[in-house]
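New notebook page today. I want to get to know this structure one spot at a time.

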Amino acid sequence: MSFVRTAIAASLALGVSVTQAQVATKIKVGLMLPATGTFASLGTAIENGFRLYVTEQGGKVAGREIEFVKVDDESEPSKATDNVNKLIKRDNVDVLVGTVHSGVAMAMAKAAKDTGTILIVPNAGADAVTGPMCGANIFRSSFSNWQPGYAMGEVVAKKGHKNVVTITWKYAAGDESVRGFKEAFEKAGGKVVKELSLPFPNVEFQALLTEIASTKPDAVYTFFAGGGAVKFVKDYAAAGLKKSVPLYGAGFLTDGTLEAQGGDADGLLTTLHYADSLGTPRDNAFRASYAKTYKLQPDVYAVQGYDAAQMLAAGLAAVKGDISKKAEFAAAVEKATIDSPRGAFTLGKSHNPVQDIYLRQVSGAENKVVEVASKALADPGRGCRL
Ligand code: BEZ
């Protein structure tokens, strides 16, 4: 007999309610994140952020201790279904938290839908997760790939650029980020003249950079993240393009990467739902707490992990720690205002944050805010039936 059932049986014998017995046990959180590969540091920051919030609550969320079960998903979609099923079926987790890579997240969303397990996505922007695949038990604390791309399309058009080349990895995140950019940029009269890509997680950019140089566009828009973003920014500068063709990106290009990119990132403009210099009391407190705990500066991934824990807390508080009350849990998260370091946000009808997207510029080791590029931007959530 499992520990939970033993506790419930013992409690029933003592005349204690099942709910009380359940809340006496730990909530099992299945953390499915990359610990290896080009997105490894993103996974670490998400886990740090999540654990920081739990620690700040005294190690309990809504009165329940948290137990973590971890899987390294390697950002490998072909292993994603097996990995998520280990957490759901072997480890019997109460909640899934993951992941970074959009392809892996889509397999997680399918498994969550099939089994009714609560899923909180702390990064992967796959539009489908809060679009056609959305579900009452699926939530996202991060963004949709469309959001930063769309915001940058408006910015680049306002700067007067007419012809743009895009370059990214060929998978959902890259494709959708470019699609969001193109939608806004072309609506405003610009033209995407070439869409370049290479398979994830390749970083052999040379041939594509040569093609950009010969195309001579007014500007380049890009989506890369993690180790790939570091190499792309360095290669772009080494190819001499930084001086001749302005580079714009979704903010992952320069988030959590600046130390490794050094001067090659200086001055770059990106759009994202977080920046290093917000200066609000909420963000200052978060940054100080994170720096004290990990001896590191936080980045957008740490914020998303922290907010995933806040979303879990909002749901758990409403059901007094009884996570089996899934409909009440979902209703509470839907209604919650998440007091995020990025600025408070609520979820749209398909469970994706409705949030400000900042235009940021790299200055030294920081992504500094230039302005709010898009106020309270909601993902269109096409196809969601919630
Ligand atoms: C994604 O695959 O959705 C993704 C990965 C890294 C940063 C942002 C998005």
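My entries below go from the ligand to the backbone and then to a pair of helices.

**Ground rules.** I am looking at a predicted model, where local features need pLDDT of at least 70, side-chain atom pairs count only at pLDDT 80 or more, and totals for chains, interfaces and linings use all residues. I number residues from 1 along each chain as its sequence is written, and side-chain values use heavy atoms, with hydrogens and water left out.

**Ligand.** I looked up what surrounds the ligand and got 16 residues, with Val100, Ser102, Gly125, Tyr171 and Ala173 the closest (a residue is near if one of its heavy atoms lies within 4 Å). Next I checked polar contacts, meaning pairs of N or O atoms within 3.5 Å. The side chain of Ser102 has an N or O atom 2.6 Å from a ligand oxygen. For Tyr171, a polar side-chain atom is 2.6 Å from an oxygen of the ligand. Val100 uses its backbone: a polar atom there is 3.3 Å from a ligand oxygen. The ligand on its own has 270 Å² of accessible area, and the protein covers 100% of that (Shrake-Rupley method, 1.4 Å probe).

Most peptide bonds are trans, and most residues other than glycine have a negative phi. I found a cis bond between Gly98 and Thr99, with omega about 5 degrees. Thr99 sits in the loop between β4 (95–97) and α5 (102–115); helices here are DSSP runs of H or I with at least four residues, strands are E runs of at least two, and both are numbered from the N terminus. Phe200 and Pro201 are also joined by a cis peptide bond, omega about 0 degrees. I placed Pro201 in the loop from β8 (191–198) to α8 (206–215). Asn92 is not a glycine, yet its phi is positive, near 50 degrees. I found Asn92 in the loop between α4 (77–90) and β4.

**Helix pair.** How do the axes of α12 and α13 cross? For α12 (residues 281–294) and α13 (residues 300–318), they come within 12 Å and cross at roughly 105 degrees, using lines fitted to C-alpha atoms over the stretch in contact and angles from 0 to 180 degrees between N-to-C directions. That makes the two roughly perpendicular (65 to 115 degrees). Arg282, Phe286 and Tyr290 of α12 meet Ala302, Val303, Tyr306 and Gln310 of α13, with contact meaning heavy atoms within 4.5 Å.

Technical notes: Parallel < 35°, antiparallel > 145°, perpendicular 65-115°, else oblique. Polar contact = N/O pair within 3.5 Å; in protein donor to acceptor, adjacent residues only side chain to side chain.
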